[in-house]
Amino acid sequence: MTEIEVKNISFSYEQKIPVLENIAFCAGTGEAIGLIGANGAGKSTLLKLLVGLDLGYTGEIRVGDVVLGKKTLAAVRKKIGYVFQDSDSQMFMTTVEEDIAFAPRNYGLSREETALRVERALEQVHIKALRDKSIYKLSGGEKKLASIATVLSMDPDIILMDEPSVALDPKNRRNLIRVINELKGIKIIASHDLDFIWDTCERTILIHNGRIVCDGDTEMILRDKELLEANGLELPLSLYIRR
Amino acid sequence: MNKIDGAISQFQSMDSMAKEDRWMNQIHPSIKLFLTVLFIGLTVSFPKYNLTGLFGMILYPFVLFQIGELSFRESLYRLRVVLPIVCIVGIANPFFDRAVVTRIGEIGVTGGVLSMLTLMLKAVLSVLASYLLIVTTSIEKICYALQQAHFPQILVTEVLLIYRYISVLLAETRRVTQAYHLRAPGQKGIAIGAWGPLVGQMLLRSMDRAERLYQSMCLRGFDGTFHLKEKSHVRRTDILYLLIWTALLLILRLFPVLEWVGRWFVR
Ligand SMILES: Nc1ncnc2c1ncn2[C@@H]1O[C@H](COP(=O)(O)OP(=O)(O)OP(=O)(O)O)[C@@H](O)[C@H]1O
Ligand SMILES: [Mg+2]
């Protein structure tokens with residue numbers, strides 16, 4: 001069983017201006033958490049810290065019973081799949097298939113198991129046809145789907161996604177919602193697509209200027225027009241229509 | 001298609017050629033790497049006036065182009081930037097070494113000219129051999145072979161990253177120049193004043209992206225070792241290929257084969 005515990009994290013990039021301040025929350029097994037907030041609120045930064053891409057923070061991050069640090073980096077990362085906001089930065093092998101197979105191979109899975117994982121990941125996001133395509137030749141949305149597949153093949157206990165629904169057409173977006181809802185582990189999804197959060201996460205954390213403003217039930221937060229507007233956001237589209 | 005697009009597609013097509021399933025591509029990467037190094041070593045070690053001996057070495061790229069079903073013209077086109085540069089080596093030799101060492105008909109050939117030609121041929125052959133390795137072996141396999149040869153892991157990773165970095169830099173260059181031209185319509189080239197920030201941006205952005213790519217590799221368990229799709233064991237064909245070429249190359253280096261052949265024809 002894996003859980004994440006974030007204890008009073010504060011972080012700033014090179015200047016002294018804090019990007020995250022006193023962030024604290026816990027995530028239990030199977031929990032899906034939406035991370036929302038205006039541009040520059042600090043969502044991507046928080047996700048990056050959770051996978052240890054920058055260790056220059058104060059506070060403590062605990063994954064399972066391991067404290068994230070230089071020595072435990074490899075062990076922690078093995079459990080976490082991270083989908084970058086910018087999919088161009090995510091893939092580096094020549095073909096989609098090779099890229100999806102990268103993680104399983106590195107984690108020492110057998111060839112058969114790797115092939116199985118690749119197959120499943122391709123199938124999950126409906127990109128079997130793109131298997132042999134060069135990653136330089138994918139469309140924006142295809143890139144996003146492929147980069148999600150590269151993480152699904154890791155079969156991680158924890159999956160962090162930064163703007164997963166960006167660039168997807170309605171059908172692929174709906175499919176992705178289904179895929180996420182079927183995943184077992186902890187999911188933390190940063191997104192401006194509040195309807196997407198609505199459909200995938202039962203809990204939401206609202207960040208504003210690097211601080212957690214609100215942490216609670218998704219439905220409650222996303223229906224709260226005043227709260228959202230005070231923090232630079234707007235009601236989800238579907239709620240507008242329903243009114 | 002502008003120049004950058006051209007460069008990108010050249011680079012990618014070399015990459016995808018290396019991925020194809022042809023006979024040459026299936027030879028074990030370590031063996032191809034070894035033969036390439038051997039070939040270059042032997043080629044470079046020819047004495048500076050021994051042009052005839054060196055000519056024999058053309059056999060290797062010639063045969064490889066044949067069995068690899070590669071187009072020689074295409075390779076010349078791809079190497080059009082590199083070849084003239086490597087040919088510059090030795091261009092000064094004729095001015096220093098003016099003693100006549102041999103004659104072709106009535107014309108005296110000076111040592112300088114001969115050594116210049118030898119040097120140029122050495123350079124061209126070495127470039128061709130490297131090219132042949134690259135278009136028949138994917139970068140992952142080359143890195144794998146280097147790893148098998150017990151190269152320091154950090155160097156092998158470096159090779160891979162530099163290779164990746166080239167495509168990132170090219171793609172970034174394309175984006176920046178496209179963005180520039182879209183907002184400076186009808187302009188030919190890029191205004192001098194914009195060069196500074198443009199190049200700066202390009203380097204910063206591509207470094208940034210290269211770093212993120214490396215992070216992405218680490219996040220997915222990369223620890224410096226390379227894993228290939230198939231278990232690449234050495235087949236009997238590979239051994240045969242290795243033995244034949246090693247023997248041929250050594251013979252070509254140690255014995256004046258071309259002279260024998262010439263004499264046999266003249267007789
Ligand atoms: N590499 C960096 N160096 C310095 N400052 C940075 C860097 N990356 C982000 N920032 C700053 O940190 C703050 C938070 O950025 P972050 O990317 O976490 O925001 P975000 O919530 O993901 O925004 P968005 O919704 O636009 O993706 C921003 O003010 C941004 O300018
Ligand atoms: Mg972000």
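User: How many salt bridges are counted between chain A and chain B?
Analyst: This is a predicted model, in which local features need pLDDT of at least 70, side-chain atom pairs count only at pLDDT 80 or more, and totals for chains, interfaces and linings use all residues. Residues are numbered from 1 along each chain as its sequence is written, chains are lettered from A and ligands numbered from 1 in the order in which they are written, and side-chain values use heavy atoms, hydrogens and water being left out. A salt bridge requires a side-chain nitrogen of Lys or Arg within 4 Å of a carboxyl oxygen of Asp or Glu. Between chain A and chain B the count is three.

User: Which residue of chain A meets Arg220(B) in a salt bridge?
Analyst: Side chains of opposite charge can pair when their charged atoms come close. For Arg220(B) the N to O distance is 2.8 Å, and the partner is Asp99(A).

User: Which element gives the most to the side of chain A that touches chain B?
Analyst: Nine residue pairs are in polar contact across the interface of chain A and chain B, both residues being at pLDDT 80 or more. A polar contact is a pair of N or O atoms within 3.5 Å; within protein, one must be able to donate a hydrogen and the other to accept it, and residues adjacent in sequence count only if both atoms are side-chain atoms. On the side of chain A, E6 and H3 each supply at least two residues, where helices (H or I, at least four residues) and strands (E, at least two) are DSSP runs numbered from the N terminus. With seven residues, the element that gives the most is H3(A).

User: Which three residues supply more than any other three of the area that chain A buries against chain B?
Analyst: Contact (heavy atoms within 4.5 Å) joins 27 residues of chain A to 24 residues of chain B. The buried area, meaning the accessible area (1.4 Å probe) that two parts lose on being put together, summed over both, is about 2500 Å², with 52% from carbon and sulfur atoms. Of the area that chain A buries, 25% comes from Phe92(A), Arg111(A) and Tyr136(A).

User: Which elements of domain 1 of chain B give two or more residues to the side that touches domain 2 of chain B?
Analyst: An automatic or database domain assignment divides chain B into domain 1 (1-149 + 230-258) and domain 2 (152-227); their contact takes 12 residues from domain 1 and 15 residues from domain 2. Salt bridges between the two domains number zero, and about 1400 Å² is buried there, 72% of it given by carbon and sulfur atoms. The elements in question on the domain 1 side are helix H1 (3-19) and helix H10 (139-148) of chain B.

User: Is Ser44(A) buried or exposed?
Analyst: Buried means under 20% relative accessible area, exposed over 50%, and partly exposed in between (1.4 Å probe, protein chains only). Because its relative accessibility is 18%, Ser44(A) counts as buried.

User: How many residues separate Asp88(A) and Lys143(A)?
Analyst: These two residues form a salt bridge whose closest N and O atoms are 3.0 Å apart. Asp88(A) is in the loop between E6 and H3 of chain A and Lys143(A) in helix H5 (residues 140-152), so that the pair links distant parts of the chain, at a separation of 55 residues.

User: What is the relative accessible area of Asp238(B)?
Analyst: Asp238(B) is among the residues that His28(B) touches beyond four places in sequence. Asp238(B) also forms a salt bridge with Arg235(B), at 3.0 Å between the closest N and O atoms. Arg235(B) is partly exposed at 29%, whereas Asp238(B) is buried, with a value of 0%.
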